[in-house]
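Try each one before you read its solution.

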Amino acid sequence: MTHDDLGTGPAATALYEMVVARETGDWTKAHAAAKAMAAQPITGHPASANLYRGAPAVAYILHTAGHRAYARALAELNAEVIAFVAHRLGAAHRRMDKGLPPRLREYDLISGLTGLGAYLLHCELDQALATVLQYLVRLLTEPLVVDGHQVPGWWAATSPSDAPDAGEFTHGHANFGLAHGVAGPLALLALARRAGHTVAGQDDAIAAGITHLTTWAQPLKGGGAGWPECLPLDAYRQGPQPDAAPTRASWCYGTPGIARALQLAALVLDDDTALRLAEHTALQAVTDPRHTRQITDTSLCHGWAGLVLTTERIAADAARPDLHDALPALRDRFTTETQHHPAPEHTGLLTGAPGVLLHPAHPDHRPPR
């Protein structure tokens, strides 16, 4: 376990305590958590540092704190983050120039440049953000050729675990999810545009993402529609299939997260058809037991906390009232699940207790409502 890892280490506890301290005014536990997080050297290698680990993760935590005690450290970390981004972008553009497919960790939200770009947007580090947006435009608009077949530029060279595969994923795969696939870059491009950050070709890239997701909204067996999580080359070449199986209604890979990315993209380009598809599909995913009964824990990543939070974000931007109307039942279910299934014991943000406890609907959420 590394102390600067939001996935497994004390960093997630520090983030939780910072949020609590901002709302209660008591910084005792927050400062102690920050010391625990800094007990080991912070990961500073560009290849391994990302939104959830190392200097960028710690910078996000200190930025969230907003406390003057961390101002100098935050400034130093931000300079490191900008340097990491430049280093990783250089490698990514060289890879693109050779016409090779990327690893997931190059561009995804958890480990890649989309996650780093999300931090830059959050902190208004505009010049560095622009360079990430320019890269994402290339990623979504410049196709590749794999085994003699044209595939999108975000086609992953590896298996869904981001490892070489000699079996089903010999030629890589298409990943649709928000955490690791095309939905992440699409959401960041749309959020940046919404906030007034634009680069050449950005609308074309967003439109390409919309086209891809609307094309792949597969009819489900028993009614409704949804997206595949990931597809090997042979399945991708066959195109969308009817009677697809309903998937878990998760933030990371499932329909709610993908629908949120499509909704954001549709909103910034005023695409009413895509917007209706996104919101209708999201509503179906969060109200259809075929999807929700596949949720087996309360976690932020693929459990009830993440589902409620994602639905809240979609509903906040939705014109249709039924998404708002679905929220009370989802929050009640989340509360019930937390009573019967306590938060996981480990300290990770996405799959552990801090992410669950941060949601205001949790009965043990400490900040005042």
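**Exercise 1.** Which residues line the second largest pocket?

Keep in mind that this is a predicted model.

Step 1. Start with the list: P46, A47, S48, N50, R53, H87, R88, A91, A92, R105, E106 and S111 make up the lining of the second largest pocket.

Step 2. Now sort that lining by class, and you get four nonpolar, four polar and four charged residues.

Step 3. The largest share is from α4, with four residues.

Step 4. As for volume, this pocket holds about 260 Å³ of space.

**Exercise 2.** Work out where D97 sits, and whether D97 is buried or exposed.

Step 1. Look along helix α4, which covers residues 71-97; D97 belongs to it.

Step 2. Check the accessibility. D97 has a relative value of 59%, and the cut-off for exposed is over 50%, so D97 counts as exposed.

Step 3. Look for a partner: the D97 side chain has a polar contact, at 3.1 Å, with the side chain of R138.

**Exercise 3.** Find out how many disulfides the model has, and check C301 as a test case.

Step 1. Recall that a disulfide is a covalent bond between the sulfur atoms of two cysteines. The cut-off here is a sulfur pair within 2.5 Å.

Step 2. Apply it, and the count is zero disulfides. For C301, the nearest cysteine sulfur is that of C252, 3.7 Å away, and C301 is in no disulfide.

Step 3. Finish with burial, where the cut-off is under 20%. C301 is buried at 11% relative accessibility, and C123 is buried at 13%.

Conventions: Residues numbered from 1 in each chain as written. Predicted model: local features only at pLDDT ≥ 70, side-chain atom pairs only at ≥ 80, totals over all residues. Heavy atoms only, no water. Buried < 20%, exposed > 50% of the residue type's maximum accessible area, 1.4 Å probe, protein only. Helix = DSSP H or I, 4+ residues; strand = E, 2+ residues; numbered from the N terminus. Polar contact = N/O pair within 3.5 Å; in protein donor to acceptor, adjacent residues only side chain to side chain. 1 Å grid on protein atoms, 1.4 Å probe; cavity = no way out; pocket = protein on both sides within 12 Å on 5 of 7 lines; lining within 4 Å. Points joined across faces, edges and corners; volume = space filled by probe spheres on them. Nonpolar A, V, L, I, M, F, W, Y, C, P; charged D, E, K, R; others polar.
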